[in-house]
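Please read them beside the coordinates.

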Amino acid sequence: MGFVMGINLGFSGACVMALDGGYYLTLDKDGKVGTTTDKADAKWFRREGNDASFALARLGGRDDGDNLVGADTTLERVDGASDWRWSLLGTSLQDERGNGRFLVLSDAMPTMASTGTPAKVSFEWPWSDHSAWLTDISALHPEFGDLPLIQLPLAGSHDSGTYGMNFAGRTQNCTIAEQLKLGIRFFDFRVQVNDGLFYTHHTFPSANPFARWEQGNNDPLNGWPCILLDLHRFLQDNPGEFVILKFQTFNAVPGQDFDADDHDHFRWLLNHYLDVLDVNDLAGLSLKDARGKAAIFYENIGEYAGKPGEPGGNWGNIAAYKTAGDQKGLSEYIRLWDPYWDDESSSLADEGPAGKDGVPTALTDRWKLYHTNNLCFWQGMVAARFFVAQAQMQVCNGNWNDMGVPVYFSKAERSAVYNNHLNAAMFVEWMGGLDWGMGVFRPNVMTMDYVENGSLTDQIVARLKAIPAGKFSAEYAPASSFLDQCYCRIAFGSGSGTSYLGEDGGWVRYTTAPSDALQFRLRMEPGPRFFYMVSGGDYDGYYLSLRKSDSALGLYGDHKVESWTIKDGALLSDYSGEYAQPGGQDDWVYANVTLSQAMTGCRQDWS
């Protein structure tokens, strides 16, 4: 459901309703409309209509039939009342059902009445306007423009183009133009084609167009409303800003293919709507190199997608991309790393209001650990790349009641309401620097569902503005890297319960004494894996390995180099697919694995 810009209505799209006396409309859990003096607690609407009248529909941006209606004397939300319309008479809200009733303010509560003084109504953007936040921070801290792009703290949206879709596939309520105004600078898109018209999709189709290809059309900027035009106009109006766009999962409507011509045409459109940043030398790029531009990553899996450099491919500066699961060992594809956060449960009833992600310990024991390890490993590797941390997300499959009617929140949206603010706070904590004793690391991008929840850009901006003038370089210095010869211990647990990997006659055991822990040399490689190579003492040159016969963890000199991954807080062998079980002890499988520095004197160059 879209909206028509009205000539006389002023504000259109996402808005809150402001009443005289400093009040805003809000909505309680029973659907009754009340008031609040805190704009942050106001219920936001998507205002629709023409220049004569309008409907206040899509509470919170949803298009599942909710609306504002006047029932008796109380203004409330009623499902399926999409035909209830209102008009502005002067600055007052008038019911158009013919009964002449106005929205009036009585005892700080909105009521419908035919007498009394109508409340003065206005409409406001619901959130902070962050259209130019990168520009604003650069004006406050000129050194901000020198920050490497891969360490620029950015808010992003997951499945960015799903607003207005079927609730079972929707993960966003705000349009791309609204997300840009919210300060979102990373966008995750899936593309569907229908006879030269390119749309967003997410399992289900949408009516949100990227652009249209017309044979011989050399002027795509003809004003036809679409996402690429929104992005183009935004960067024209805000030349100090920068966006990252990721395109993947290309498909077509039934009976068609997203063929080679479609890929060529879509990339042509991207290059003509946007000034595309060359990210081949990503390590050397800073914000000042990227202003007014878009870094574009384009999935090239499949028969028709093609490769950069092929004749007629219209790649330009668009970078080839493979999703996280297909990047192993493909160093040319890891300029963007976006590992998927997969909640173990999509059921809200399981363990809290947002599935297993609603359990308080899920934030610290699973999500924080997962992303902290990923951030430090990947930012510390030699090949520069953007790093994306995904907020705690639920599988997007909607909710129905016993009557088969969609309920107010989908599971994905409820998870966003519950978790986004927690994840945003953690992101800002990471901005303070993650110091493992082997380098200081900072976050890059965090993507969220339903980005109006969590105020991530608000928190990023507040953290950066809190740095005293002239102190930015000292307090937000670029992150350092892991070094090839850094030595580390493998630690399990935390605090007083921390244990380390030790050894006993070649078998790996645990020890609570750091001085008795094995020292490992951590060697990183392009790709999502890493190697633990034992160093020092009699075991120099031996490798930490699982013996498949009994799943025992030991030190072996005749075994091929074995790679390991930290997965869900456990040490997982990429060779055998088994978890580390020192001495065959099963209780080590999930034990919050971390690394700690074993000694100083790391080599200062990477080779």
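1. Terms for burial come first. A residue is called buried when its relative accessible area is under 20%, exposed when it is over 50%, and partly exposed in between, with a 1.4 Å probe and protein chains only. D188 has 2% relative accessibility and therefore counts as buried.

2. On the source: this is a predicted model, in which local features need pLDDT of at least 70 and side-chain atom pairs count only at pLDDT 80 or more, while totals for chains, interfaces and linings use all residues. Residues are numbered from 1 along each chain as its sequence is written, and side-chain values use heavy atoms, with hydrogens and water left out.

3. Overall content. The protein has 9 helices and 35 strands; these are DSSP runs (helices H or I, at least four residues; strands E, at least two), numbered from the N terminus. Of the 607 residues in the protein, 57% are buried. The protein exposes about 24200 Å², and carbon and sulfur atoms supply 48% of it; accessible areas come from the Shrake-Rupley method with a 1.4 Å probe, and for residues only the protein chains shown count as cover. A contact here means heavy atoms within 4.5 Å. Among contacts between residues at least 6 apart in sequence, 63% join residues at least 24 apart.

4. Strand β14 and D188. D188 is placed in strand β14 (residues 184-194). Its side chain and that of R190 are joined by a polar contact of 3.0 Å. A polar contact is a pair of N or O atoms within 3.5 Å; within protein, one must be able to donate a hydrogen and the other to accept it, and residues adjacent in sequence count only if both atoms are side-chain atoms. Not counting residues up to four places away in sequence, D188 touches S157, H158, D159, S160, G161, K246 and Q248.

5. Two loop residues with positive phi. D195 lies in the loop between β14 and β15 (197-202), and its phi is near 50°, a positive value in a residue other than glycine. D195 counts as exposed because its relative accessibility is 64%. T203 lies in the loop between β15 and β16 (204-212); phi of T203 is near 70°, again positive in a residue other than glycine. At 69% relative accessibility, T203 counts as exposed. Both backbone angles can be checked in the model.

6. Strand β16 and S206. S206 is in strand β16 and counts as buried, at 14% relative accessibility. The side chain of S206 makes a polar contact of 2.6 Å with the side chain of T200. The S206 side chain also reaches the backbone nitrogen of N208, at 3.1 Å. Leaving aside neighbours within four places in sequence, S206 is in contact with G161, M165, Y199, T200 and H201. G161 is also among the residues that D188 touches.

7. Helix α3. What does the buried side of this helix pack against? In helix α3 (residues 227-237), the residues I227, L228, L229, L231, H232, F234 and L235 are buried. These buried residues pack against the strands β14, β15, β16 and β17 (243-252), and against the helices α2 (176-182) and α4 (260-273).

8. A helix pair. Two packed helices are described by the angle between their axes and the distance between the axes. Helix α1 (residues 133-140) and helix α8 (residues 456-465) pack at about 10°, with their axes 10 Å apart. Axes are lines fitted to C-alpha atoms, for helices over the stretch in contact, and angles run from 0 to 180 degrees between N-to-C directions. The angle makes α1 roughly parallel to α8, the term for angles under 35 degrees. W133, I137 and L140 of α1 make the contact with T457, I460, V461, L464 and K465 of α8. By class, this contact has 6 nonpolar, 1 polar and 1 charged residues. Nonpolar covers Ala, Val, Leu, Ile, Met, Phe, Trp, Tyr, Cys and Pro; charged covers Asp, Glu, Lys and Arg; the others, Gly among them, are polar.

9. Two partly exposed residues. L422, in helix α7 (residues 411-431), counts as partly exposed at 30% relative accessibility. The C-alpha atoms of L422 and A391, 31 residues apart along the chain, are separated by 9.1 Å. K567 is in strand β33 (residues 563-567) and is partly exposed, at 39% relative accessibility. Beyond four places in sequence, K567 is in contact with L572 and Y579. The C-alpha atoms of K567 and Y579, 12 residues apart along the chain, are 9.2 Å apart.

Methods. Angles under 35 degrees count as roughly parallel, over 145 as roughly antiparallel, 65 to 115 as roughly perpendicular and the rest as oblique.
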